[in-house]
Amino acid sequence: MEPKIIKIKAKKAFTPTRIPGADYVLNQYIGCQHACKYCYAKFMCKWHKHGKWGSWVVVKENLPELVKNESAEGKVYMSSVSDPYQPIEKEIKLTRRVLENMDKKTRLGILTKSDLILRDIDVFKEFKDIEVGLTVNGFDGELKKEIEPFSPSNEKRIHALKVLYENGIKNYAFISPIIPNLVDVGELIRETKNFVNFYWFEFLNLKASGREFGEWLRENYAESHEILTHKIKLERYVENVIDVIKNSRICVKGICIHYPKLVVVR
Ligand code: SF4
């Protein structure tokens with residue numbers, strides 16, 4: 001489905017953030033065609049009343065110009081309320097133009113669910129300090145259709161990690177959202193550890209994923225929901241997963257747990 005495109009002019013490029021591992025965020029888009037059912041950025045619909053999450057994208061068309069004259073002291077994360085490589089990026093190349101114009105000394109982290117990111121390897125190579133991440137969670141078949149309907153497959157994302165690695169781009173896997181019984185963390189590590197520089201992990205933030213998703217999870221995966229909402233069961237589950245991670249001998253930058261208050265284990 002073609003998204004509704006809303007073109008706007010932004011006032012500034014970099015916004016301070018409390019996201020773990022970052023000092024600023026850069027959102028050249030607001031809204032995301034990937035339309036993940038659990039997306040934490042759905043709250044943007046409160047301010048952008050253009051319809052259902054996934055059906056519209058706000059395009060900050062002047063960002064490529066703004067980044068020419070702005071710099072960020074600290075680490076920049078791209079992006080927090082969209083995927084910088086969602087399908088419309090293929091045509092309008094907004095992310096690419098932002099990257100081309102950005103100061104190449106910017107400490108930049110990019111995260112996506114799309115292998116379209118491989119198109120911009122040439123630009124990544126110009127940056128002095130860049131980390132490029134792919135979200136990997138192993139959702140497949142009917143489950144993937146249901147909760148991540150429009151993003152590229154996990155196979156394509158894992159392939160993208162491999163190609164980035166082979167091109168000398170520092171890469172990371174973001175294993176998220178970890179949902180009991182639906183995500184096999186050990187298997188994902190085994191599939192990727194030979195070509196991933198480091199990992200971030202994140203357990204599902206049930207509150208941020210919204211009431212509709214919570215109800216869907218309870219109806220369809222009652223045990224997963226039960227673990228996520230039962231303090232002792234959740235702690236036990238998290239402990240087991242952390243054991244798996246620690247025994248894997250990989251480089252871990254952080255493990256985010258929502259208890260529901262955020263705790264980051266490093
Ligand atoms: S790719 Fe990210 S920003 Fe886009 S809908 Fe999915 S979770 Fe939200």
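**Contacts and overall build**

I started with contact order: in the protein chain, 75% of the contacts with a separation of 6 or more are between residues 24 or more positions apart (a contact is two C-beta atoms, placed from the backbone, within 7 Å). I'm working on a predicted model, where local features need pLDDT of at least 70, side-chain atom pairs count only at pLDDT 80 or more, and totals for chains, interfaces and linings use all residues. Numbering runs from 1 along each chain as its sequence is written.

Next I checked the radius of gyration, taken over C-alpha atoms. The chain has 18 Å, which agrees with the value near 18 Å that a compact globule of 266 residues would have (the rule is 2.2 Å times the number of residues to the power 0.38). I counted ten helices and twelve strands; these are DSSP runs, H or I of at least four residues for helices and E of at least two for strands, numbered from the N terminus.

**Cores**

I get 42% of the 266 residues as buried, where buried is 20 or more other C-beta atoms within 10 Å of a residue's own, exposed is 12 or fewer, and partly exposed is in between. The largest nonpolar core has 64 residues, and Val76, Ala173, Ile175 and Ile178 have the most contacts inside it. Strand β9 (residues 171–178) gives the most to this core, five residues. A separate core has seven residues, including Ile30 and Trp56. (A core is a set of buried Ala, Val, Leu, Ile, Met, Phe, Trp, Tyr and Cys joined through C-beta atoms within 7 Å.)

β9 also holds Pro177, and the Ser176 to Pro177 peptide bond is cis, omega about -10°.

**Helix α3**

I looked at α3 (residues 94–101) and found Thr95, Arg96, Val98 and Leu99 buried. They line one face, because they fall within an arc of 160° down the axis (the arc of directions from the helix axis to the C-beta atoms). Their cover includes α1, α2 and α4.

Lys93 sits in the loop between α2 and α3 and has a positive phi of about 55° without being a glycine. I have Lys93 as partly exposed, with 15 C-beta neighbours inside 10 Å.

**Ligand shell**

Around the ligand I find Cys32, His34, Ala35, Cys36, Cys39, Ala41, Ser82, Asp83, Lys113 and Ser151 (C-beta, placed from the backbone, within 6 Å). The shell splits into five nonpolar, three polar and two charged residues; Ala, Val, Leu, Ile, Met, Phe, Trp, Tyr, Cys and Pro count as nonpolar, Asp, Glu, Lys and Arg as charged, and the others, Gly among them, as polar.
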